[in-house]
Amino acid sequence: MDPLDSRAFYDRVAGVYDQRYAYHPAIGARQALWLSQMFTPGTVLDLGCGTGRMLGPLAQAGFRPVGLDCSRAMLARARRKGPSRLVLADARHGLPFASASLELVISLHATLVHFAGPGELEGLLSEAGRVLAPGGALVAELPHPATYPSETMPGAWREYQPGMSCRAAGPGLEEIRLEQEGGLCTLIRVLRIGDIEKLFRGWRRVEMHPGFRGGRFRPERGELVVVVAWK
Ligand SMILES: C[S@@+](CC[C@H](N)C(=O)[O-])C[C@H]1O[C@@H](n2cnc3c(N)ncnc32)[C@H](O)[C@@H]1O
């Protein structure tokens, strides 16, 4: 399996994703509320929507959600949850939306770390900027870099989260292994705070939040980085 191919990885994980890896539904409701307080509800693209946990809460909060994902199996789960608009596409090859047609793009639960190949994340952010209407924003939830366990021996597996290991796989890259899925692996990009600042340099305004509960962001420690970037 190509370690950069998220589609194959998530097609294999889809059947157990909601039980083992998804956020609790209460978190989706809180995230949708936070978004509705921050932005005037309009059309929102959930980029890498997975099994669609955000689509219902977003609609309830007044948004018009569109879910996009490259995994047919993840989208099949999303379809069972309700009648949202769903798009099957690999966002590494562009976003199939007209320029300036969306008010908000969200990409939650570390989805952007999967854009790990050279230039993939830069290309995706440029596409997000293209599809956003003037004044629109991108909200990306990423793991805080402090959550990655420090390397003890070069290339050794370390426990990342229960049931999940990681090991260094090159500059800015980690390989993630899912123990319960027979050691299924994928490559992810580790974004340090400086990397995030550099990636979003061309955006009109950029904020970093420690999550969806409010509070002050701390660059040196935390669990999440929620980046809000306005076009
Ligand atoms: C960690 S899951 C997060 C799912 C969802 N955003 C959530 O908050 O639960 C990452 C999702 O991103 C999707 N994904 C990864 N790479 C992608 C790509 N290149 N194009 C579209 N979707 C992608 C995967 O298929 C998977 O469903």
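In this predicted model, helices H1 and H4 are roughly parallel to each other. Their axes cross at roughly 30° and come within 7 Å, and an angle under 35 degrees counts as roughly parallel. H1 covers residues 6-20 and H4 covers residues 72-81.

The contact between the two helices draws on residues from both. H1 contributes Tyr10, Asp11, Ala14, Tyr17 and Asp18, while H4 contributes Arg72, Ala73, Met74 and Arg77. Sorted by class, the residues of this contact are 5 nonpolar and 4 charged, with no polar ones.

H4 can also be read by how its residues are covered. Met74, Leu75 and Ala78 are the buried residues of this helix. These three lie on the same side of H4, because they cover an arc of only 95° around the axis. Arg72 and Arg80, on the other side of H4, are exposed. Which elements cover the buried residues of H4? Among them are H1, helix H3 (55-60), strand E2 (64-69) and strand E3 (85-88).

Two loop residues can be followed in the same way. Ser101 sits in the loop between E3 and strand E4 (102-107). Is Ser101 buried or partly exposed? With 15 other C-beta atoms within 10 Å, Ser101 is partly exposed. Setting aside residues up to four places away in sequence, Ser101 touches Val131 and Ala133. Pro134 is 33 residues from Ser101 along the chain, and the C-alpha atoms of the two are separated by 9.4 Å.

Pro149 belongs to the loop between strand E5 (132-143) and strand E6 (158-161). Pro149 has 12 other C-beta atoms within 10 Å and is therefore exposed, since a residue with 12 or fewer counts as exposed. Its contacts, apart from neighbours within four places in sequence, are Arg158, Glu159 and Tyr160. Between Pro149 and Gln161 there are 9.5 Å from C-alpha to C-alpha, and the two are 12 residues apart in sequence.

Definitions and conventions:
Residues are numbered from 1 along each chain as its sequence is written. This is a predicted model: local features need pLDDT of at least 70, side-chain atom pairs count only at pLDDT 80 or more; totals for chains, interfaces and linings use all residues. Axes are lines fitted to C-alpha atoms, for helices over the stretch in contact, and angles run from 0 to 180 degrees between N-to-C directions. Helices (H or I, at least four residues) and strands (E, at least two) are DSSP runs, numbered from the N terminus. Angles under 35 degrees count as roughly parallel, over 145 as roughly antiparallel, 65 to 115 as roughly perpendicular and the rest as oblique. Two residues are in contact if their C-beta atoms, placed from the backbone, lie within 7 Å. Ala, Val, Leu, Ile, Met, Phe, Trp, Tyr, Cys and Pro count as nonpolar, Asp, Glu, Lys and Arg as charged, and the others, Gly among them, as polar. A residue is buried if 20 or more other C-beta atoms lie within 10 Å of its own, exposed if 12 or fewer, and partly exposed in between; C-beta atoms are placed from the backbone. The arc is that of the directions from the helix axis to the C-beta atoms.
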